[in-house]
Amino acid sequence: MVDYLANTEINSQRIAAVESCFGASGQPLALPGRVLLGEGVLTKECRKKAKPRIFFLFNDILVYGSIVLNKRKYRSQHIIPLEEVTLELLPETLQAKNRWMIKTAKKSFVVSAASATERQEWISHIEECVRRQLLATGLQPSTEHAAPWIPDKATDICMRCTQTRFSALTRRHHCRKCGFVVCAECSRERFLLPRLSPKPLRVCSLCFRELAAQKQQEEVEELGTGAAGQPAYLAGAVCGASSGDDDDSDEDREGSGDGDWPSRVEFYASGVTWSSFHS
């Protein structure tokens, strides 16, 4: 690790450069003791398609964003505390290589590197930072993780009823609990998932039944009561079709305006090293 860089000029310059690239849309990143350990371009699997994203690994956070102009301008900054992160290696296929999943309680997603070596570098550095951060904070590793969204292109039919076929008029939705691609009829219910949002979110019919049953059991055990006139286990649920109270386009907004970055970067065949780690 490079903790000795914490109070050096070169570390301050590196962090200032990252802040400058995100501009006013990003949050300040310079903190006492914070070290920028590495950076690079990874492919992030978004809802509609895989897209290049810039990632920065600090000793306490992981930051990523959309690329507008590489090494000059980024947008849609996301900051993930490392004590919340768990990594999972994913199997290799002919179409998908060097992949792993970054899992947190609020959001989980799949990324891939340009080579197996690069993937291993990222994983080893992140895991070491997570280990040190947990040790420093006294926290336990997270055991609850948000389900990653299954990409739209993975299915042409609803993954719950297996009857509804998606089209230009029949849109896809995502269950916030299991991440499945479902139709509107199979995702009419809403349920409060405090780890993800302060308001009830879209869930599929199966997850709704499971969540409601779990909530009912918890209420019975605690001898609690819900809202007047309704069972306690439904106090956190909202039934009925959505009227725009949730948005399935988080990934689309995140990836909008990607600027002049090439739309089809050959990550797997270019032989280019896309990441670097500081020492």
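Predicted model: local features only at pLDDT ≥ 70, side-chain atom pairs only at ≥ 80, totals over all residues.

User: How many helices and strands are in the protein chain?
Analyst: Helices (H or I, at least four residues) and strands (E, at least two) are DSSP runs, numbered from the N terminus. Counting that way, the protein chain has 4 helices and 13 strands.

User: What percentage of the residues in the protein chain is buried?
Analyst: Buried means under 20% relative accessible area, exposed means over 50%, and partly exposed is in between (1.4 Å probe, protein chains only). The chain has 279 residues, and the buried share of them is 42%.

User: What share of the contacts with a separation of 6 or more links residues 24 or more positions apart?
Analyst: A contact means heavy atoms within 4.5 Å. Take the contacts in the protein chain with a separation of 6 or more: the share from residues 24 or more positions apart is 55%.

User: Is strand β1 mostly enclosed or open, and how many of its residues are buried?
Analyst: Strand β1 covers residues 36-45. The rest of the structure largely encloses β1, because the number of its 10 residues that are buried is 8.

User: Which strand does β1 pair with over 9 bridges?
Analyst: Two strands pair if DSSP finds at least two bridges between them. The pairing is antiparallel, and the partner is residues 50-58, strand β2.

User: Which strand is joined to β1 by 3 bridges?
Analyst: Look for the residue opposite G38, which is F277. The two strands run antiparallel, and the partner, residues 275-277, is β13.

User: Which residue in β7 stands opposite T43?
Analyst: β1 and β7 also pair, in the antiparallel sense, over 2 bridges. Opposite T43, you'll find S112.

User: How many bridges join β6 to β7?
Analyst: β6 and β7 form a hairpin with 4 residues between them. I102 stands opposite F109 in β7. Strand β6 (residues 99-103) runs antiparallel to β7, and the number of bridges joining them is 5.

User: Is N98 buried or exposed?
Analyst: N98 sits in the loop between β5 (86-89) and β6. Its phi is near 55°, a positive value in a residue other than glycine. Because its relative accessibility is 7%, N98 counts as buried.

User: What is the relative accessible area of S76?
Analyst: S76 is found in strand β4 (residues 73-81), and its phi is near 55°, positive for a residue other than glycine. S76 counts as partly exposed because its relative accessible area is 22%.

User: How far apart in space are S66 and H78, C-alpha to C-alpha?
Analyst: S66 lies in strand β3 (residues 61-69), and it is buried, with a relative accessible area of 1%. S66 and H78 are 12 residues apart in sequence, and their C-alpha to C-alpha distance is 9.5 Å.

User: Which helix gives the largest share of the lining of the second largest pocket?
Analyst: On a 1 Å grid over the protein atoms alone, a pocket is an open set of points with protein on both sides within 12 Å along at least five of seven lines, and lining residues have an atom within 4 Å of a point. Of the 13 residues that line the second largest pocket, the closest to its centre are F191, L192, L193, L211 and Q214. The largest share of the lining, 6 residues, comes from residues 205-222, helix α3.

Definitions and conventions: Residues numbered from 1 in each chain as written. Heavy atoms only, no water. 1 Å grid on protein atoms, 1.4 Å probe; cavity = no way out; pocket = protein on both sides within 12 Å on 5 of 7 lines; lining within 4 Å.
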